[in-house]
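The following exercises concern a single protein chain. Please examine the sequence and the model before working through each solution.

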Amino acid sequence: LYMRAANANSHDGETEEDGGEQVKEQNYDDSGSSAGGFAVVVMEMVDAITAGVAFSANPLNSDRDECVVDSSYGLGISVVDGSVTADRFVYDKVSKKLVQQIVGCKTMEQRLCLVEGGGVRTISIEDVARQNAQSLSMEQLKELVNLVEVVESAYGMPIDIEWAYTENNQLMLLQARPITTLFCLDDNMMTAAGERRILYYDFNIASEATTTTPFSYMDMNLYCRLGNALNGINDDDFSLFKNDPNLPIFNAETRQYINLSFFFKFMTTQYCAKEAMLLDPYLSSLFASSDCDRKRYRSKKKWPKECSMKNFVWLLRKVPIKAWYKVGKRFKKDPKRAKDSYLKVVENDMAKLKVLQQRGVKRDEGLMQYSSELFNCFMPSLNEELGAIYFVVLGVFNKLDKKRRNNKSELCAEYDALCGGYEGDE
């Protein structure tokens, strides 16, 4: 609403016609463009009998096919502030089916006071049947989902709306805004509407070593190089990780993921939960939860060509399994002698690192070449450690973990400390 300055700033005895030029000067700047005025927006309050919020994508699992609706009796403020346990509906926009329905206990509702003085009044719901009845009918839910889809299409992005139904069963759109809590994936990781979902696991978010910030190109390069090193591979021109999301482990733009749908072809979630218990109890609980549904997420795609037996044999030849086995055999046969031998290797590697540190980065070499020399320095001692871990330590830890889980021994606390670590064990 634009109020002319003549009406707001008129002087005694001065008419609009008399002050015309003065008004014109006040309303336009030196460039001749309008300086604008104040706008007052007055919105009519909706006397809702049912209201709530709706999301065009599921904010709990980021599924773009699912619409989530929370509703309760009366004004939507009861849903937003949590004063009632709202009803929740999860609706599949593609199949047009109700996926999940949770009816909350709604013991009160907030309504407008349509009398002089106005305001909002809180009404207790005494009828137990009404408390536990769903606040939306299926016809209303479908109408609401259709509205959500229209608004999402208009904005071109997942949106979150507030809505209300009036006494005469009229659906009102109150406001709309983008959903900011969805987990974003690369375009080539997104499945099309109605397509079978793929479950990815970001193993950089773990119970101990956690990183949630995006990787830069250099981060990803060094991270992949370290992944090679932990498999005993020190090759500048080779990487275990590609950019194809159909592979078991792959690089995204800024993160690295495991394609769990691929592994669910031949692994059960119970097996994954059991194996993850030793290293990451939180991850184990995720595998054991109902959200990790093998039936829903198991991949039905063809086996990736890169995962052929020929490539597997070729990869095994690059991994120094035989050398690791010999290291493990030495530690089992004579731990003290094997440790002394390992310490000599570490001493040699540290000497090489010291020389490299003193030399620094050459002018004619890049950081990647320098990092390659860095890996060359510590690979001998790393391979000694990997041999001891893979062929000695892991076996001991598995035995201890089995005893810990059985909980039959009085030494359970010691097993917990050895398997899970404790403060001061560095």
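**Exercise 1: The surroundings of A252**

A252 touches D186, M189, M220 and Y257 when residues up to four places away in sequence are left out, a contact being heavy atoms within 4.5 Å. The model is predicted, so that local features need pLDDT of at least 70 and side-chain atom pairs pLDDT 80 or more, whereas totals for chains, interfaces and linings use all residues. Residues are numbered from 1 along each chain as its sequence is written, and side-chain values use heavy atoms, without hydrogens and water.

Task: Determine where A252 lies and why it counts as buried.

Solution. 
1. A252 belongs to the loop between strand 10 (249–251) and strand 11 (256–259). Strands (E, at least two residues) and helices (H or I, at least four) are DSSP runs, numbered from the N terminus.
2. A252 counts as buried because its relative accessibility is 12%; buried means under 20% relative accessible area, exposed over 50%, and partly exposed in between, with a 1.4 Å probe and protein chains only.

**Exercise 2: The largest nonpolar core**

Solution. 
1. This core has 17 residues, and V69, L136, L141, L144, I161 and W163 have the most contacts inside it. A nonpolar core is a set of buried Ala, Val, Leu, Ile, Met, Phe, Trp, Tyr and Cys residues joined through side-chain atoms within 4.5 Å.
2. Strand 2 (66–73), strand 3 (87–92), helix 5 (138–155) and strand 7 (159–165) each supply at least two of its residues.

**Exercise 3: A glutamate in a strand**

Task: Is E109 buried or exposed, and which side chain makes a polar contact with its side chain?

Solution. 
1. E109 is found in strand 5 (residues 108–112).
2. With a relative accessible area of 7%, E109 is buried.
3. The side chain of R130 makes a polar contact with that of E109, at 3.1 Å. A polar contact is a pair of N or O atoms within 3.5 Å; within protein, one must be able to donate a hydrogen and the other to accept it, and residues adjacent in sequence count only if both atoms are side-chain atoms.
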